[in-house]
Amino acid sequence: MHGLPTFLPTTKPTFATLFAVAFCFTCSLTSEFVKAEQTSPAHSAARTNVAIENAKATNEQYSNSYYAHTTIEGLSVPDDAISFLTLGDWGRNGHFYQKHVAKWLDIASYQLDAEFIATTGDNFYDNGIASIDDPYWLSSYENIYHQPHLFIDWYPVLGNHDYRGNWQAQIDYSTKSRRWEMPARYYSKTLKLDDGSSALLLFIDTSPLNPDYADETKYQKAYSQGASEQLAWINTMLAKEQYTWKVVIGHHPLYSSGKRYGKTEAIKDVLEPIFHNHGVNLYIAGHEHDLQHNQLPGDDLVHVVSGGGSEVRPVGNYDFTQFAKSTGGFVSVSVTAKNIFLNYIDHNGKTIYTHTMNKASKASSTTTIQDQ
């Protein structure tokens, strides 16, 4: 215990001095009481129990038992399939459905043994990021997608919101992060399939290709990148005949059953003729905050919208709408030499829609799972 100050007999203590003495005495008593309380058997036992429970939670959260009991029902594909997950319109600091979607993205990655995650753009809202050291990298990406089976390669594309910030920083982040793999604004990847054949994946940058942005001030940086060089590259890559499947991943949909229904003509007129001319099988986009499967009658080209990474918006039903739901979630893609299996998974971990593409007969099958 602290000693009390000593005064000379001839000194008359002031009010300030007396207050200081009283305050010091009170602090001493409080300190001794806290020490006694913290070293009491009951307090020590309580602290130990809390520590044990915290340790259990940390160690068991992603244990084998967790993955055995936390599953997405109905999510099953052939063992020889190469699977990847598609996630769009997601970077919102954990708001809306982002954390829920991240949980089930991890589960799907585990169940499907996913090779990678492809984003369909709008990786950071509302105005992109400032640099490779922007705090959004932590609050919207690293601290949200931290589960064990999300530490696989991520192959992103840029969305219009990404162009409101420093889009080059998203490319440069590839040198800082092991899992963020974005070598350029547009690039390709090849999948080796079970029979020795291959599938071509093109990751494209649709904002500079979108004529709707020609006169929009906030997207001048995007549109100023130009379209001719990228379009020449897209044509060259898709003209190669050795691929069993041709899949393109971009941000802007060519058809929409959501907010932008009837407002996609400009980008559709640019890309749809190219896709048809080169036999593209599947186009995966985002931009709309929901999950969709759009396909024109008699057309083999499947249009997927995977934009349910966080916020959601209403959808409608039109002549090309095969499926559309206003929900958080993502779409898994599993590829074999004969089939592409699409599984739509919502933010509650339910498989809400499936579609199978058949290469040999060009037939397909679809299942919509009704809400429980």
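Which residues does Ser197 touch, not counting residues up to four places away in sequence? Ser197 touches Leu191, Lys192, Thr244 and Ala337, where contact means heavy atoms within 4.5 Å.

## Basis of the model

This is a predicted model, in which local features need pLDDT of at least 70 and side-chain atom pairs count only at pLDDT 80 or more, while totals for chains, interfaces and linings use all residues. Residues are numbered from 1 along each chain as its sequence is written, and side-chain values use heavy atoms, with hydrogens and water left out.

## Overall composition

The protein chain has nine helices and 14 strands. Helices (H or I, at least four residues) and strands (E, at least two) are DSSP runs, numbered from the N terminus. Of the 372 residues of the chain, 50% count as buried. Buried means under 20% relative accessible area, exposed means over 50%, and partly exposed lies in between (1.4 Å probe, protein chains only).

Among contacts in the protein chain with a separation of 6 or more, 70% come from residues 24 or more positions apart.

## Surroundings of Ser197

Ser197 sits in the loop between strand S4 (187–192) and strand S5 (198–203). With a relative accessible area of 16%, Ser197 is buried. Its side chain makes a polar contact of 2.5 Å with the side chain of Asp195. Another polar contact, of 3.1 Å, joins the side chains of Ser197 and Thr244. A polar contact is a pair of N or O atoms within 3.5 Å; within protein, one must be able to donate a hydrogen and the other to accept it, and residues adjacent in sequence count only if both atoms are side-chain atoms. Thr244 is also one of the residues that Ser197 touches.

## The seven-stranded sheet

Seven strands form an open sheet with mixed pairing, in the order S3-S2-S1-S11-S12-S13-S14. The edges are strand S3 (153–155) and strand S14 (364–368), each of which pairs on one side only. On average, neighbouring strands of this sheet are turned by 20° against each other, direction ignored. For such angles, axes are lines fitted to C-alpha atoms, for helices over the stretch in contact, and the angles run from 0 to 180 degrees between N-to-C directions.

Strands of a sheet pair through backbone hydrogen bonds, either parallel or antiparallel. Strand S1 (residues 82–87) and strand S11 (residues 329–335) run antiparallel and are joined by five bridges. Two strands pair if DSSP finds at least two bridges between them. Ile82 has Val335 as its bridge partner in S11.

In helix H8 (residues 228–238), the buried residues are Gln230, Leu231, Ile234, Met237 and Leu238. These residues lie on the same side of H8 because they cover an arc of only 130° around the axis; the arc is that of the directions from the helix axis to the C-beta atoms. The exposed residues Ser228 and Glu229 are on the face turned away from the buried side of H8. The elements covering the buried residues of H8 include S4, S5, strand S6 (245–249) and helix H9 (265–277).

His303 belongs to strand S9 (residues 302–306). With a relative accessible area of 3%, His303 is buried. Not counting residues up to four places away in sequence, His303 touches Leu254, Tyr255, Tyr283, Gln292, His293 and Asn294.

## Salt bridges

The structure holds 11 salt bridges, each defined as a side-chain nitrogen of Lys or Arg within 4 Å of a carboxyl oxygen of Asp or Glu. One of them joins Glu311 and Arg92 (3.0 Å, N to O). Glu311 lies in the loop between S9 and strand S10 (321–325) and Arg92 in the loop between S1 and helix H4 (98–112), so the pair ties together parts that are 219 residues apart in sequence. Glu311 is partly exposed at 23% relative accessible area, whereas Arg92 is buried at 14%.

Arg178 forms a salt bridge with Asp153, with the closest N and O atoms 2.8 Å apart. Since Arg178 lies in the loop between helix H6 (167–172) and S4 and Asp153 in strand S3, this pair ties together parts that are 25 residues apart in sequence. Arg178 counts as exposed at 61% relative accessibility, and Asp153 counts as buried at 19%. Arg178 also forms a salt bridge with Glu181, the closest N and O atoms being 3.2 Å apart. At 27% relative accessibility, Glu181 counts as partly exposed.
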